[in-house]
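This report covers how parts of a predicted model pack against one another. The sequence and structure follow.

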Amino acid sequence: MSTSSAPMKLRESPAFKIALSLSIATGLYGVSFGALAVASGFDFWQTMVLSLLLFSGGSQFAFIGVVAGGGSGVAAMTASALLGLRNGIYGMQINAMLRPGGWKRYVSAHVTIDESTATASGQSDPDEQRRGFWTAGIGIFILWNIFTAIGALAGDAMGDPKQWGLDGAAVAAFLALLWPRLKGREPWAIAAACALATILAVPFVASGVPILVAAVVAGVIGWFSHARLDEGLEPDVDPYAEKHQREHGGKK
Amino acid sequence: MNLWVWILIACALAYLTKLVGYFVPAKLLENPRIMHIAGTMTIGLLASLTVVNAVASGQGLVLDARIGALVAAAVALWLRAPFLVVVISGAGAAALLRLLGWG
């Protein structure tokens, strides 16, 4: 059997391998989403609908985070929608890269998230971009939902969420989502300004609204910003972390 | 209104946002201002959500076990721990501090 003329096997595709390990890493933290959602007062099916239909980690955490803090449904919905704005940019990038036609467009839109976009963008060969995007998108979708269900069921069985420090887990989750985006001075300044605006707003407005105050501050900064274009548009789990580390390893 | 309604609206908006990218002319979204706002909005909202969950309690600001979670998570991230380890560190720190009788 000759392999030289055969199309590349999936197992041998670098994008496929990266996408697969990324799917596992990202899917796993669906456990924390499921457990936190239940601890925040969501029932099993509300939690599952967020993972199945909303399917964007940051926005899902935002929705339950606002509700957990006593915020209203409309504030939760607004925070989640604003945090999802970047997915529109990703959609444009993937559309330009892969040009999906017909029904595929509607499926690829659903799995257009930080990680699938980052996996595709890191490849230069169009076939590899396609493999990376679909493997990461569908792989994460399946695992994220399985692990959300496991987390929700476990959270239900745990009893008092505070005793297990689940409110601390939420703080850690948001910091972990923010962390990879704090590259350089301007992102730190934006984060600090928005954190300060939030703290100043807390005593004066209803729960959930301080987050929207921070969104306005962030929007104003963005309007006048001259920073690099992809700022804040980094994946939660960097598919090419090892490569990046190798490239910058000598400078430490 | 029922929480279910807001969940479903949020789901619809999330999907439509993604879909818009596939249907609007690339030129429109390639506008640097829109790209910047999408980026700063992400950073700003996540920073805000972090502090709200760390120190807000209704309309009050309190220092309790959640601050320990914030510090533990920052240390874990600084040590390049994976996401799930960071989350578990945060939970562990808050649970431990409560066990010791603080917050």
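In this predicted model, helix H2 (residues 30-39) and helix H9 (residues 126-158) of chain A pack at an angle of about 40 degrees. H2(A) and H9(A) are therefore oblique to each other. Their axes lie 6 Å apart, and H2(A) passes H9(A) in a right-handed crossing. On the H2(A) side, the residues that meet H9(A) include A:Gly30, A:Phe33, A:Gly34, A:Ala37 and A:Val38. Among those they meet in H9(A) are A:Trp144, A:Phe147, A:Ile150, A:Gly151 and A:Asp156. By class, this contact has 13 nonpolar, six polar and one charged residues.

**Between the chains**

In chain A, 88 residues are in contact with 68 residues of chain B. Helix H10 (residues 166-178) of chain A gives the most to the chain A side, with 13 residues. That side of chain A divides by class as follows.

| Class | Residues of chain A touching chain B |
|---|---|
| Nonpolar | 55 residues |
| Polar | 26 residues |

**An enclosed helix**

Helix H5 (residues 73-83) of chain A has ten of its eleven residues buried, so H5(A) is largely enclosed by the rest of the structure. The buried residues include A:Gly73, A:Met77, A:Thr78, A:Ser80, A:Leu82 and A:Leu83. Which helices cover the buried residues of H5(A)? From chain A, the cover includes H3 (44-54), H4 (57-68), H6 (85-98) and H12 (209-224).

Note on methods. Residues numbered from 1 in each chain as written. Chains lettered and ligands numbered in written order. Predicted model: local features only at pLDDT ≥ 70, side-chain atom pairs only at ≥ 80, totals over all residues. Axes fitted to C-alpha atoms, helices over the stretch in contact; angles between N-to-C directions. Helix = DSSP H or I, 4+ residues; strand = E, 2+ residues; numbered from the N terminus. Parallel < 35°, antiparallel > 145°, perpendicular 65-115°, else oblique. Left-handed = near helix turned anticlockwise from the far one by under 90°. Contact = placed C-beta atoms within 7 Å. Nonpolar A, V, L, I, M, F, W, Y, C, P; charged D, E, K, R; others polar. Buried ≥ 20, exposed ≤ 12 C-beta atoms within 10 Å, placed from the backbone.
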